[in-house]
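I am opening a notebook page for this two-part look-up. My entries follow the order in which I went through the elements.

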Amino acid sequence: MNRRNKFHVYLTIVTFCTGFLVATSIETTKLMRKERMNDQLFQQETQLNERILSEKEQNRHLENQLLDLQRQVGKVEEAMANRKEEAAQILSQLDAARMQAGVVAVEGPGIVVTMQDSQHAASSPDITNYIVHEHDVRLVVNELRLAGAEAISINGQRLVSNSSIRCIGPTIIVNGVKSAAPFVVSAIGDPATLEGALNLPGGVLQTLQDFVQIDVAKQSSVQLPAFVGDAKSKHS
Amino acid sequence: MLQKSRKITFILAIISAIIGVMLTVQLRSSLDPVHKESRSIAELRASLQKELEKHKNLLADISKYNQLYYQYETSLSEDESLSVMREELARNRKMGGMVAVEGPGIVLNIVDQVYDEHMMDEHVPPPVIGGYTIDDEDLRWLVNILFANGAQAVSVNGHRLISTTAIRNVGDVIQIDTRTVQPPYEMKALGEPEVLLSALKLEGVEEYFQLSNKHVIAEKQDNLMIPANTEERYIRFMKTVKEKGDS
């Protein structure tokens, strides 16, 4: 009897261990498969990341190249302007036209307006009231234009004569380029006038301030990038 | 006796094996929660696409400037390079909206809704009595839809919209830049007519303006003329950036 009892105890332990082993091996193979999949995903991710980085690097080079070219062209034009009165006249018009068309980077005094979803948004029952909508951005842009802004960009995208401002979810699309909040509207013009226009009693700032986070900063020098891709758009 | 004890042994073995398996699974799943994916591949793809698009645009711009430079360099006489410069000026003025453009596009007329007697009986939404008038944001919204769907140029009541154009309510009327525009509003948009028309349907433009008792008539035109912007524009504050900035 004693011997048999002992045997039972041993058997229990052994089979227990067997069960443990079986389960562990099953789990391990499963985990390995998952890891391999994760690994694949990870590889894909790193590949994508690398491509994005290299593409960015290339774009930076191209941007520099473009600027160099523009400078070269500018030199040739200036040389011509120095030689001939007529060329100088055309050049000054050309400079203005380029700036107004938005194909060259510009700088000057201005204002930077930063818009962000209100922090109350998460806790408020009516969230839509507290997030930045596309018409809010348009309103600010419109007001700046009215106040004589000479050039405007949103999140680094220069507004040109056929730019649109669209919001999809939390992102904004300007000139077909998507970017996320905060939305930074930079404008060149008389800083005091621009700020004053936003600050009018009952104006944009007052209306929006209760709902979204909006900051206005006057700046002595704002730099706006050039609109890239004008060669592509077909102006008939 | 022997038979019975053997049975017990057998059962015991099975049960303890099962317990062992269960215990392990339990331990495993509680010790090591499922891994979360770090960042969605789709997001990365989108940003890659953005960069590629930019790359393409940059290349196009570079080739354009290269061509310009080449034209300057190879022009044999002063007059020839002057004419190259004039061409470049014309191109930029066109892009800035200071030159009239023409091509296929659509014409939008926003007119008052007319209600017949028998139409009232049907299932048309009743007109909003003393309803809203169209305000500046309505026009801005509509213009934005047109531009977002590839319109190259848009004019409202003959006034060409450019990068600095403001549309704003001043009192009861809408002012575009320094000119007031009166209803009925007529918009012209240069672009792919089909794309623009379907975009208008998709965005529910017709329904939206019906709320303010307006009817939108859109029709395509093969040859549309959009006038130049005639506003005087002075540049007082901005100047061209000569060096590469940090942006």
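In which sense do strand 4 and strand 5 of chain A pair, and over how many bridges? I looked this up to begin with. Strand 4 (residues 165-168) and strand 5 of chain A pair in the antiparallel sense over 4 bridges. Two strands pair if DSSP finds at least two bridges between them. Helices (H or I, at least four residues) and strands (E, at least two) are DSSP runs, numbered from the N terminus.

**Ground rules**

I note that this is a predicted model, in which local features need pLDDT of at least 70, side-chain atom pairs count only at pLDDT 80 or more, and totals for chains, interfaces and linings use all residues. Residues are numbered from 1 along each chain as its sequence is written, chains are lettered from A and ligands numbered from 1 in the order in which they are written, and side-chain values use heavy atoms, with hydrogens and water left out.

**Chain A, the sheet**

I followed the strands onward. A:I168 has A:T171 in strand 5 of chain A as its bridge partner. Strands 4 and 5 of chain A form a hairpin with 2 residues between them. In that turn, A:G169 has a positive phi of about 60°.

Strand 5 of chain A also pairs with strand 6 (residues 177-180) of chain A, antiparallel, over 4 bridges. There, A:I172 has A:S179 as its bridge partner.

The 3 strands form an open antiparallel sheet in the order 4-5-6 in chain A. Strand 4 and strand 6 of chain A are at the edges with a single partner strand each, so one side of each has no neighbour in the sheet. Neighbouring strands are turned by 30° against each other on average, direction ignored.

Which residues of strand 5 of chain A are buried on its two faces? I found A:T171 and A:I173 on one side, and A:I172 and A:V174 on the other. Buried means under 20% relative accessible area, exposed means over 50%, and partly exposed lies in between (1.4 Å probe, protein chains only).

**Chain A, the helices**

I checked helix 1 against helix 2 of chain A next. They pack at an angle of about 145°, with their axes 6 Å apart. Axes are lines fitted to C-alpha atoms, for helices over the stretch in contact, and angles run from 0 to 180 degrees between N-to-C directions. From helix 1 of chain A, the contact residues include A:V73, A:M80 and A:A81. From helix 2 of chain A, they include A:A88, A:L91 and A:L94. Contact means heavy atoms within 4.5 Å. By class, the contact of helix 1 with helix 2 of chain A has 7 nonpolar, no polar and 5 charged residues. Ala, Val, Leu, Ile, Met, Phe, Trp, Tyr, Cys and Pro count as nonpolar, Asp, Glu, Lys and Arg as charged, and the others, Gly among them, as polar.

I picked out A:D95, which is in helix 2 (residues 85-101) of chain A. A:D95 is partly exposed, at a relative accessible area of 28%. A:D95 and A:E195 are 100 residues apart in sequence and 27 Å apart in space, C-alpha to C-alpha.

**Between the chains**

I looked at helix 1 (residues 2-83) of chain A and helix 3 (residues 78-95) of chain B. Their axes come within 11 Å and cross at roughly 125°. Helix 1 of chain A and helix 3 of chain B are therefore oblique to each other. Angles under 35 degrees count as roughly parallel, over 145 as roughly antiparallel, 65 to 115 as roughly perpendicular and the rest as oblique. A:E77, A:M80 and A:R83 of chain A meet B:E78, B:S81, B:L82 and B:M85 of chain B.

**Chain B**

Of its 247 residues, 38% are buried. In chain B, strand 4 and strand 5 (residues 173-176) pair antiparallel over 4 bridges. B:V170 stands opposite B:V173 in strand 5 of chain B.
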